Amino acid sequence: MIRIAWLVAKKDLRIEARSRVLLWQVVPFGAMALLLTGLALGPAHAGNSSAGPGLFYLVMLFVALLMINRSQVLESTPGTRASIATLGLDPAGVFLGKTLALCVELWVTGLVLLAGTVLVLHTALHGAFLALPSVLVTLGALAAAGTLYGAMTAGGEGAATLLPVLCLPAFAPLLIAGERAFSAALTHGGLWEWWVIVVVALVAYVGVGILLYGVLEES
Amino acid sequence: MTPSPVVHLRGAVALSSGFPLLSGVDLDLEAASLNVITGANGAGKTSLLRLLAGLLALSSGEAEVCGVDLTNGDLRQLRRRVGWLGHEGSFYADLTVRENLRFCALALGRPTDEIDAVLARVGLSSRVDTITKKLSAGQRRRLGLAWLLLRRAELWLLDEPYASLDDQGRTFFDALLADVINAGATVVLSAHDPLRATTLRPRTIGLVGGRVREVAP
Amino acid sequence: MMKELSQRLLGPVTFALLALTIWLGLWVTPPDKVQGNLVRLLYVHPAVAWVALYVSFGTATIASCLYLWKRTRSWDMDRIAHCAMEVSVVFIILTLITGSIWGRPTWGVWWAWDARLTSTAILGVLALGYLALRRANDDPTLRAKRSAVFAIVSAINVPIIHFSVQWWKTLHQGATVFTSNRQLLVHGSMAWTLLISFVGFTLLFFWLLRARYRLEVERDAAYRAAFDEAVSLRQREGVL
């Protein structure tokens, strides 16, 4: 399982590094979305709002949707899908590998957007630094959930539009927990309950993915 | 005792969106044989190959491929034993030729030191580090053959393999098929017309309306 | 014999209990000291929410698990999961509507960022997502497997969503029927009416589920007939 996971993760990351979709499409989209949130807040609030953490996660959710879709598209041409299916890869390994690759991509985008939040929405740099561990774990949980939901919609009718419908309700607790943990880091408040939500979600999605990804692939 | 056939289908029906791609196929294929499926567009050639690869669900009837029951058997095990070459291009377009083959070899637990020999065999040695999407259609087809050689599949399923091949490519491909059949593999390929090659003695299976209409010889 | 009798009685008993709930709730039980006549929603809203969040979603989840488990895998389980989730959507919408009707005079707004309200709405979108996922896949096996996995993942999500929203903020009143140490908060005719409403709405769920299930069986029969017809037409291609 670990061998296949590593193989799949390396393959996905290599494709991403070569195609530069993350660099030229996803990161600019995220940066623009972050700017738009500032415009939506209005001139009075754009630079001094406490909404920075929430807006950061909102933008990250949209970015995650793009990247989950992209992660599934790699195998979506009929020929590639058939060829890969005939390799008979261990589904748990495929799930872990795709989750790992997506997680790394989300981390890279997350770090850029976190810097953007500090720069554009004037979120305190020290607080953003303190929030970093919770951001990384929350994005990890998003990656695990996204890989699972991505496989559920892959190849179905209107997969790109169905994906947000399935993902966003499941992402809601991660958005809440991530935002609260980030805000708590800014105000030096308690945040243990938000870690509970994020860690439980991460463990649940990874566990379910390992157990049930094969059922989705088998289909 | 007669050896059991590699493919055994009885009344095999396969659907897609309610449409019967296959409408009751009866077919037996022996090991180490070359079989050509012919038929008009929409006759069900690709669907039959996909069914044999365990990539299309059997809706009704009986089907056994390489000893695996398509209704209740372990389809993942079956898929590992077949080699599929579609006409759409079957690789990661952003990986190089070597990276694609390396992924295939590592995924199947095969040694990666066979890659160079396989690439030399299909005439792609000079394209080892070329990104796959930059290959011509014919070169991609050769990469597909390298992928299959590396896999050492028991059952080769080739969807219109002669498309995009020039005369030299066709001759090379006929020789390759003869070798893999001699080595004990079974080959099933689809083509619009019966095979023109003179060196091979294929069995031709004519499909009409998702069913086998004629088998020759 | 017993099964047939219970099936025959399910409809009449359900509607008798719901009629009794309406009569007791509107005419027999007294208004509340604080909430006045608004308390009469107590005989509808908690029971509807119970069916929406526990009975129907739970039925869909259990049926999905039974479908995925190879020993108990059958189309019946897939049908039950599908039908229960459809009924669940109806009850979740009813829960939100009755909750809003209660919230407007109590909180002053139709929608509040309350924990239960928000998590119920999210659950409603999950249930709609389940139905959308079913519509996106034509192949019955693919549809059944994917929707079963989605139902199970959604069920695991329910407590995560619940606690995240609850810790985020809550306005909703606490337990209505029992205190945290299981002492009854509602007494007399109000308690009986509440109990009858819970039983009535639970039976209504099973009555709706049965009706929907029968429709699904009819649909499957029609699908099989269409399947035979399509195969026969396909076989005649190139012959006629």
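The largest nonpolar core has 195 residues, and those that touch the most other members are A:A145, B:L52, B:A146, B:L157 and C:A81. A nonpolar core here is a set of buried Ala, Val, Leu, Ile, Met, Phe, Trp, Tyr and Cys residues joined through C-beta atoms within 7 Å. A residue is buried if 20 or more other C-beta atoms, placed from the backbone, lie within 10 Å of its own, exposed if 12 or fewer, and partly exposed in between. Helix α7 (residues 159-187) of chain A gives the most to this core, 15 residues. In soluble globular proteins, nonpolar side chains tend to be buried together.

The model is predicted; local features need pLDDT of at least 70 and side-chain atom pairs count only at pLDDT 80 or more, while totals for chains, interfaces and linings use all residues. Residues are numbered from 1 along each chain as its sequence is written, and chains are lettered from A and ligands numbered from 1 in the order in which they are written.

Chain C contains 6 helices and 0 strands, helices (H or I, at least four residues) and strands (E, at least two) being DSSP runs numbered from the N terminus. The C-alpha trace of chain C spans about 80 × 45 × 35 Å along its principal axes, and 37% of the 240 residues of chain C count as buried. Of the contacts in chain C between residues at least 6 apart in sequence, 77% join residues at least 24 apart.

Chain C meets chain A through 25 residues, which are in contact with 26 residues of chain A. On the chain C side, α4 (115-136) and α5 (140-168) are the elements that give two or more residues, and α5(C) has the largest share, 16 residues. That side divides into 18 nonpolar, 5 polar and 2 charged residues, where Ala, Val, Leu, Ile, Met, Phe, Trp, Tyr, Cys and Pro count as nonpolar, Asp, Glu, Lys and Arg as charged, and the others, Gly among them, as polar.

Chain B also touches chain A, with 24 residues of chain B in contact with 20 residues of chain A. Here α2 (75-81), β6 (82-85) and α3 (97-108) of chain B each supply at least two residues, and α3(B) gives the most, 6 residues. The chain B side comprises 13 nonpolar, 5 polar and 6 charged residues.

Chain B holds an open, antiparallel sheet of 4 strands in the order β2-β1-β4-β5, strands being paired if DSSP finds at least two bridges between them. β2 (19-29) and β5 (68-69) of chain B are at the edges with a single partner strand each, so one side of each has no neighbour in the sheet. Helix α1 (residues 45-52) of chain B packs on the sheet, touching β1, β2 and β4 of chain B, and its direction makes about 65 degrees with that of β2(B). Axes are lines fitted to C-alpha atoms, for helices over the stretch in contact, and angles run from 0 to 180 degrees between N-to-C directions. Within the sheet, 5 bridges join β1 (residues 7-16) to β4 (residues 60-65) of chain B, and B:R10 stands opposite B:E62 in β4(B). From chain C, helix α6 (residues 188-235) lies across β1 and β2 of chain B at about 65 degrees to β2(B).

Terms used:
Two residues are in contact if their C-beta atoms, placed from the backbone, lie within 7 Å.
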